Amino acid sequence: MKYFKKLSISSGILTLLIASPALLILVNILSPSSENWIHLQDTVLSEYIFNSLYIMFGVAFLTSFIGFSTAYITTMYSFTFSKLYHYALILPFAIPTYIISYAYAGMFDITGSVTMFILGLLGKENVSQVYFMDIMSIEGAIIVMSLVLYPYVYLISKTYLIAESASIIDASKTMGLNSFETFKRVIIPISRPAIVAGTILAVMEAVADFGVVDYYGVPTFITGIFRTWYGMGSVEDASKLASLLMLFVFTLILLEKFQGRNKRYRSSGKDFAPISKTPLKGKANIAAFILCFIPVFLGFILPFSQMMHWFILSYEDVLDEDFLRILIQTLSLGVSGSLLITVLAFIFVYNIRIHGHKMSEYLTQTVKLGYSIPGAVVAVGVLTFFSYIDKGFNILLSGSIIAVIFAYCVRFLAISINNYEAGFSKIPQSYDDACSTMSISENSKLRRVIFPLIKNSALASFIIVFIEIIKELPLTMILRPFNFDTLAVYSHELVGQAQLYESSVPAMFIVLMGILSVLLLAKKMIKD
Amino acid sequence: MVGISLKNFSIAFEDTKILENVSFDVEDGEIVTILGASGSGKSTILRSISSLEKKYKGDIFLHTCYLKKNDNSCATQNIGYIFQDYALFPHLNVLENISFALKDLNKKEKETQADKLLELFDLKEHKYKQIHELSGGQQQRVSIARVIAYKPKVLLLDEPFSNLDSLLRHKTKIWLKNVIKEFGFSAILVTHDKKEALSISDKIGILQNKTLVQFGTPKELFENPVNKYVANFLGEINELPKEVLKSFNLKNKNNDDVIIRVNKTALSEIKNEHKLRLLDISYCGDYYELSLEFTQHNGYVIAVLVEDLKAYKKDLEVYLDIKKEDLILIKS
């Protein structure tokens, strides 16, 4: 009994701690307007709002189009390399948005390698002589973000189509509908909730992005927070901007929940029926191949090749003692952060399993909201939170590694919790009951039954969170101690110093670890 | 000696009452089956006896030991619970599963004890196999061996045959009955399968409307059901018009319903006052099921089983052929 109580109390205290930064940020929305804030309102706030909305809609349109079309084609048809595309289409997930934006800038900006090559082919000297869209613009930001974020829509739509559509498609065929009519009248309507869910995830990532918009010079909420903080030195106004952005994000979450609740369709059959894929031949086969190749090429092969090229040109200059120090710092930060998160998430999920009451679930849901809050906003919240602790206890935790790791907990606990939830769902409750009826103590049960059965989920959670921490940019930039760099921050700083080639070296390390994460995801997909 | 005793047992989940005032005793070496529809609270009784549910009212005794809600000492290692899904640990092999709950023994002693059970339960050749390598029947035997290993006094079985196919189910039923008798356990089995209940049990309890409506030997329940629900639960019945009683000079003081077992219902071509019209004929493999309605009593449709179709065809008029002693007067 004492054991259960301890677990419950720990979960409650942890939830309060993890939710504190977000609560402090939300409270800021009610604080009175300062002069700086009035200045922001009069000058750049409308631009922040407009640009953030523009990016949202642009990314929503592109990711839903690319993600759903590729999901539909690879689920319904078999064509050349279709099995390979099944997994290749998630490869862009391996590249963080800010890294792809560096690669694209290097290739497609005014003096980019591809731009110069095309100008050479056309016999022109500079871009003023031809129609040219500068990649370093808001539209460019939308394109590069979409190329990396479309797998959200692809994965959710594909899972949904595989699980739900077989019998419905068969029914529409027996009623004489052709493929196009089935697509228009059946597939699109039933897939809408999945498309919207995937798109909202992609949009939330886009709104939270700092690296792309900062490098491409697009003023948004996130860059606004940084400018207000560093440029104007106003933590309060940065917090207020953050609170506005958080409201924005929570509105998106509510929208997703609302549409999900009312429009989620489930096939009436209990048994899962696999989809019989239609084989494509001739032109249709080529068209399907090309349609799936474009996002893989633009989202992974092209930027990865460009990064690899720069890496080969510059690694000798970059790989020095300093780099090794940064690598070790990054890895130790990743290991300690993900280890702590993996342990904490276990406490939350195991608490739900043992108690099973609503309160435990609410606590976990509250903690999971952290993942939807942009990194920069979490950072502002954590700094505000720690400033109170610093004052209260007369210590200096803000600006320390503790603050950084705490912020990672706020942001990434959800990933680990999701992993454990999936893992625990496969361990029947009767195992716990069996232990109880055999008078096996709670500690013995944990050691002999639960840990051996949940260890794979724990390991997967550790690796995924580790990679997320390695990739994280804005949160680490704001909270890191003085002179403490990570690979992501180092790469961003090199880009800021116009050392694009050199930036590819830390970036390649991040991408390679990202590929590991994608391989794990692919393995899970095969298993499921 | 009484092995398990429930006195005025009641339980509710939040505001929903599940069971009220359930009382029954299970003697040593006796198999009692609790029968009831899905959601009637059968498994809740087992879970409460094994202290998995604690929010009940009333008393539970294991032998002379009073089961306290906040103290597991009485239940500790006295209860063997066989779960519907067997709850065998997939990361452990057969031997490790069987010796899982053995305490205060060294590794060698645990293995020796497990070996005896492996031999007894015909599982010796599967000793080092993983659980997924076993058939459903073998898994069930492992789950029973696992609880018998720590020598409980009471065995609780939650739908033990539901995951077995019909051939294996019959074989396992006989085997399990022998095991329970041989070890002298007090056993409670819950099921919704009347055949299982009738063939394996010393006593049966039937749950209806949140309470135990009848408790007794299978014969008592079958022959003297307290109400139509019990009668129907233990075998197919036909409800007859009350006028049938007149032809047998029987009185119906309490205005009870009149029923008869389907297997006691026959047809005759000899005219009597109970004329029937044949509505439908269903082929059921070993026999045919005829559906007939009383021509003079609207709404009474009965079933009659025949091996030979003879000249039966739709709309044929035939007559009811029953014996007085087979009629049962019963509360609605």
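The model scores ipTM 0.80 and pTM 0.80. Chain B averages a pLDDT of 89. In that chain, 97% of the residues score at least 70. The confidence values matter for reading local detail. Where pLDDT is low, the predicted coordinates should not be read in detail.

Chain B has 332 residues, of which 36% count as buried. Its secondary structure consists of nine helices and 18 strands. Along the principal axes, the C-alpha atoms of chain B fill a box of roughly 80 × 45 × 35 Å. Contacts in chain B between residues at least 6 apart in sequence were also examined by separation. Of these, 64% join residues at least 24 apart.

The two chains touch. At the interface, 13 residues of chain A are in contact with 15 residues of chain B. On the side of chain A, two elements give two or more residues each: α18 (429-437) and α19 (442-471). The largest share comes from α18(A), with six residues. By class, the chain A side that touches chain B holds eight nonpolar residues, four polar residues and one charged residue.

Helix packing was examined within each chain. Two packed helices are described by the angle between their axes and the distance between the axes. In chain A, helix α3 (residues 45-76) meets helix α9 (residues 179-208). Their axes come within 8 Å and cross at roughly 135 degrees. The crossing of α3(A) past α9(A) is right-handed. From α3(A), the contact is made by A:Ser52, A:Ile55, A:Met56, A:Val59, A:Ala60, A:Thr63, A:Ser64, A:Gly67, A:Phe68 and A:Tyr72. From α9(A), the contributing residues are A:Ile187, A:Ser191, A:Ile195, A:Gly198, A:Thr199, A:Ala202, A:Val203, A:Ala206 and A:Val207. The contact of α3(A) with α9(A) divides into twelve nonpolar and seven polar residues. It has no charged residues.

In chain B, helix α4 (residues 136-149) and helix α5 (residues 166-183) also pack. Their axes come within 11 Å and cross at roughly 15 degrees. Angles under 35 degrees count as roughly parallel, so α4(B) is roughly parallel to α5(B). The crossing of α4(B) and α5(B) is right-handed. On α4(B), the contact is made by B:Gly136, B:Gly137, B:Gln140, B:Ile144 and B:Ile148. On α5(B), B:Leu168, B:Thr172, B:Val179 and B:Phe183 take part. Five nonpolar and four polar residues make up the contact of α4(B) with α5(B), with no charged residues.

Several residues of chain B were followed individually. B:Asn8 sits in strand β1 (residues 2-13) of chain B. Its phi is positive, at about 45 degrees, although B:Asn8 is not a glycine. B:Asn8 counts as exposed because it has 11 C-beta neighbours inside 10 Å, and the limit for exposed is 12 or fewer.

B:Asn8 is also one of the contacts of B:Asn21. B:Asn21 lies in strand β2 (residues 16-27) of chain B. Leaving aside neighbours within four places in sequence, B:Asn21 contacts B:Asn8, B:Ser10 and B:Thr211. The C-alpha atoms of B:Asn21 and B:Lys7 are separated by 7.4 Å, with the two residues 14 apart along the chain. B:Asn21 has 14 C-beta neighbours inside 10 Å and therefore counts as partly exposed.

B:Asn209 is placed in the loop between β9 (203-208) and β10 (211-216) of chain B. With 9 C-beta neighbours inside 10 Å, B:Asn209 counts as exposed.

B:Asp202 lies in the loop between α6 (194-200) and β9 of chain B. B:Asp202 counts as partly exposed because it has 17 C-beta neighbours inside 10 Å. Beyond four places in sequence, its contacts are B:Glu30, B:Ile31, B:Val32 and B:Thr217. B:Asp202 and B:Val26 are 176 residues apart in sequence. In space, their C-alpha atoms are 9.6 Å apart.

Key:
Residues numbered from 1 in each chain as written. Chains lettered and ligands numbered in written order. Predicted model: local features only at pLDDT ≥ 70, side-chain atom pairs only at ≥ 80, totals over all residues. Helix = DSSP H or I, 4+ residues; strand = E, 2+ residues; numbered from the N terminus. Buried ≥ 20, exposed ≤ 12 C-beta atoms within 10 Å, placed from the backbone. Contact = placed C-beta atoms within 7 Å. pLDDT = per-residue confidence, 0-100. Axes fitted to C-alpha atoms, helices over the stretch in contact; angles between N-to-C directions. Left-handed = near helix turned anticlockwise from the far one by under 90°. Nonpolar A, V, L, I, M, F, W, Y, C, P; charged D, E, K, R; others polar. Parallel < 35°, antiparallel > 145°, perpendicular 65-115°, else oblique.
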